[in-house]
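Hello,

Here is the structure I promised to send over. Have a look at it first, and then read on for what turned up.

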Amino acid sequence: MSANLSAIAYLVSGICFILSLRGLSSPTSSRRGNLLGIAGMVIAVVTTLLNPGVLGYDLILLGLAVGGAIGTIIALRIKMAAMPQLVAAFHSLVGLAAVLVAAAALYAPEAYGIGSAGQIKTASLIEMTLGLAIGAVTFSGSLVAFAKLQELVSGNPVVFPGQHLLNLFLGLVTIGVGIYFVMTQSLPAFWVLAALAFLIGFLLIIPIGGADMPVVISMLNSYSGWAAAGIGFTLENTALIITGALVGSSGAILSYIMCHAMNRSFFSVILGGFGGDASAAATKRGDRTAKSGSADDAAFIMKNAGSVIIVPGYGLAVAQAQHALREMADTLKAEGVKVRHAIHPVAGRMPGHMNVLLAEANIPYEDVLELEEINSDFPNTDVAFVIGANDVTNPAAKTDPQSPIYGMPILDVEKAKTVLFVKRSLAPGYAGIDNAVFYRDNTMMLFADAKKMVEDIVKAL
């Protein structure tokens, strides 16, 4: 394929990616957006394979077969509840790929057309350095996020005295080593730079608490995009530059929007400094008691209500209760009850987690409202039905300055006339703090697996 034809094909793939993002901005057009993204990627891959610089297809086809098989198996087996940690794991692979490509370009620059050993072009060295550093940060940071989400380690913030000063020092040293590498093309400097970036990625994510993890996933998504764009410049690959820039910028914009929704500082997210103090996470239950009820009680209350707002959370994803929830909502509507769903920006453990779950159950888009659209309606609502959403309904975000979620806007479920709270137990949420709503006079706890409880409510209705 000629250079001009390749450039046109890459441009078409870039347009498909842009239109894909446009489609994904709305639930009604998201399917079309996905298809456009797939088409753009197919065009980009085929164009690259037809590049005259490709000397053989044996290893390429082997890589496609192995990677395709692994991806297919994961896609078929992964549960929706595990989607956040899957995304984090995939982000780590993007970062690692950037590191490995940078290393390959350093050791075999002739193959990439960026010069010869010891005589690599300065512009390529700068691009390589940026791709390496961002890729290494993305790799280690994503692994920490995966471990927290998979609960291999505690989701609580890990903080220690002088943490920010250490991060600042390491950041300055990394910049210095990067400049030295560009000036000298030193192989030891390259690997020292990689090691420092790996360490920084680890230190940036460990102080992040569980309640803020959706923002971390979004930010790591942005990092992976910029890493890919940096390597795209090194490889002089237009499609990789466009794709990386789109992922990087859209991830950054999403992170900014989520930070605004959570009343967090955007720069604190980038610098890994917005996790709360772990010592503040544990709260005392004291002598407080929670009132519990049954599925029959909940069915009676909701059947006689005029309006119900359903608030889904991570517990819904774990129990895979979205289809039963849809059946409950339809049954209530048939009884003349007004039913809507309230979505917090960080409900679940990744951006849009709850929206995807509800869409999977074909819950009408017009019944799904964001926090700012519905929060003012809770005082005039008969029943708030909370299913597994703990931290995003916790009043400590408003009342306790020592809380790790302090300052985060919450869904004001406690203002509803009755609150039905579905949980397995009174155990705290992912942020590790107790929820005072459990013990209010207008709250009834429904202790059970979310799916079984909703199914029993449907039977009672």
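Which residue in S3 is the bridge partner of His-341? It is Val-368. Please keep in mind that this is a predicted model.

That pair belongs to the parallel pairing of S2 with strand S3 (residues 368–370), which extends over three bridges. To get from S2 to S3, the chain passes through helix H15 (residues 353–360), making a right-handed β-α-β crossover. S2 also pairs with strand S1 (residues 307–312): the two run parallel and are joined by four bridges, with Val-308 partnered by Val-339 in S2. Strand S2 itself (residues 338–343) is mostly covered, as five of its six residues are buried.

Glu-236 sits in the loop between helix H9 (213–235) and helix H10 (238–262), and its phi is near 55°, a positive value in a residue other than glycine. Gln-320, in the loop between helix H13 (314–319) and helix H14 (322–334), is not a glycine either, yet has a positive phi of about 55°. As for accessibility, Glu-236 is exposed because its relative accessible area is 53%, over the 50% cut-off. Gln-320 counts as partly exposed, because its 27% lies between the 20% and 50% limits.

Finally, Gln-163 is part of helix H7 (residues 163–184). With a relative accessible area of 6%, Gln-163 is under the 20% cut-off and therefore buried. Leaving aside residues up to four places away in sequence, Gln-163 touches Val-158, Leu-203, Ile-206 and Pro-207.

Best wishes

Key
Residues are numbered from 1 along each chain as its sequence is written. This is a predicted model: local features need pLDDT of at least 70, side-chain atom pairs count only at pLDDT 80 or more; totals for chains, interfaces and linings use all residues. Side-chain values use heavy atoms; hydrogens and water are left out. Buried means under 20% relative accessible area, exposed over 50%, partly exposed in between (1.4 Å probe, protein chains only). Contact means heavy atoms within 4.5 Å. Two strands pair if DSSP finds at least two bridges between them. A crossover is right-handed if, with the strands pointing away from the viewer, the path from the first strand over the helix to the second runs clockwise.
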